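Have a look at it, then go through the points topic by topic.

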Amino acid sequence: GTTWVIELQDGEWLLLPRPGMLERQAQLESLSRLFEVSIDDPLPGQVDLLQPGFATVVEHGRRWYLKQKGCVGVQSDPLKASLEGRLKRIEAELFK
């Protein structure tokens with residue numbers, strides 16, 4: 001899948017995108033169900049976590065619901081973007 005889940009002590013789940021490259025449109029569509037996606041260039045692209053998502057368990061190990069969508073960015077070639085530019089974009093997303 002495109003998402004990792006970490007169970008927190010209070011019973012909520014933290015949703016994180018799996019690190020790495022998105023190569024297919026189906027991966028992007030799957031990710032967009034749980035995250036707001038900001039895409040700079042067409043795929044393939046590197047995923048950047050801007051804000052994690054949260055889910056709440058209804059039935060442990062079987063059912064859950066999305067409490068809050070997270071936010072991710074996708075860049076086609078992170079080595080071409082300056083670190084300063086990437087930090088400014090992340091800061092702008094976090095403080096909307």
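Let's start with the rings: the count comes to one aromatic pair. Rings of Phe, Tyr and Trp (its six-membered ring) pair if their centres lie within 6.5 Å; planes under 30 degrees apart count as stacked, over 60 as edge-to-face and the rest as tilted. Keep in mind that this is a predicted model: local features need pLDDT of at least 70, side-chain atom pairs count only at pLDDT 80 or more, and totals for chains, interfaces and linings use all residues. Residues are numbered from 1 along each chain as its sequence is written, and side-chain values use heavy atoms, with hydrogens and water left out.

**The aromatic pair**

- Which two residues form the aromatic pair? They are Trp 13 and Trp 64, in a tilted arrangement with 6.2 Å centre to centre and 50 degrees between the planes.
- Trp 13 sits in strand E2 (residues 12–17) and Trp 64 in strand E7 (residues 63–68), so the pair ties together parts that are 51 residues apart in sequence. Helices (H or I, at least four residues) and strands (E, at least two) are DSSP runs, numbered from the N terminus.
- Trp 13 counts as buried at 11% relative accessibility, while Trp 64 is partly exposed at 37%. Here buried means under 20% relative accessible area, exposed over 50%, and partly exposed in between (1.4 Å probe, protein chains only).

- Strand E1 (residues 3–7) pairs with E2 in the antiparallel sense over five bridges; two strands pair if DSSP finds at least two bridges between them.
- Val 5 is the residue opposite Leu 15 in E2.
- Four residues lie between the strands of this hairpin, and Gly 11 there has a positive phi near 95 degrees.

**Leu 22**

- You'll find Leu 22 in strand E3 (residues 21–22). Leu 22 is buried, with a relative accessible area of 4%.
- Leaving out residues up to four places away in sequence, Leu 22 touches several others, including Leu 28, Leu 43 and Val 74. Contact means heavy atoms within 4.5 Å.
- Leu 22 and Gln 75 are 53 residues apart in sequence, yet their C-alpha atoms are 9.6 Å apart in space.

**The cavity**

- There is one cavity of 30 Å³ or more. On a 1 Å grid over the protein atoms alone, a cavity is a set of points where a 1.4 Å probe fits but cannot get out, and lining residues have an atom within 4 Å of a point.
- The largest cavity holds about 50 Å³ of space. Grid points are joined across faces, edges and corners, and a volume is the space filled by probe spheres set on the points.
- Among the residues lining the largest cavity are Thr 2, Arg 18, Leu 22 and Val 47.
- That lining has six nonpolar, two polar and one charged residues. Ala, Val, Leu, Ile, Met, Phe, Trp, Tyr, Cys and Pro count as nonpolar, Asp, Glu, Lys and Arg as charged, and the others, Gly among them, as polar.

- Thr 56 belongs to strand E6 (residues 53–59) and is buried at 18%. Setting aside residues up to four places away in sequence, Thr 56 touches Glu 12, Trp 64, Tyr 65 and Lys 67.
- Glu 93 is part of helix H2 (residues 83–94). Buried or exposed, what is Glu 93? Glu 93 is buried, with a relative accessible area of 17%.
- Pro 42 lies in the loop between strand E4 (35–39) and strand E5 (45–51), and counts as exposed at 64% relative accessibility.

Note on methods: On a 1 Å grid over the protein atoms alone, a cavity is a set of points where a 1.4 Å probe fits but cannot get out, and a pocket is an open set with protein on both sides within 12 Å along at least five of seven lines; lining residues have an atom within 4 Å of a point.
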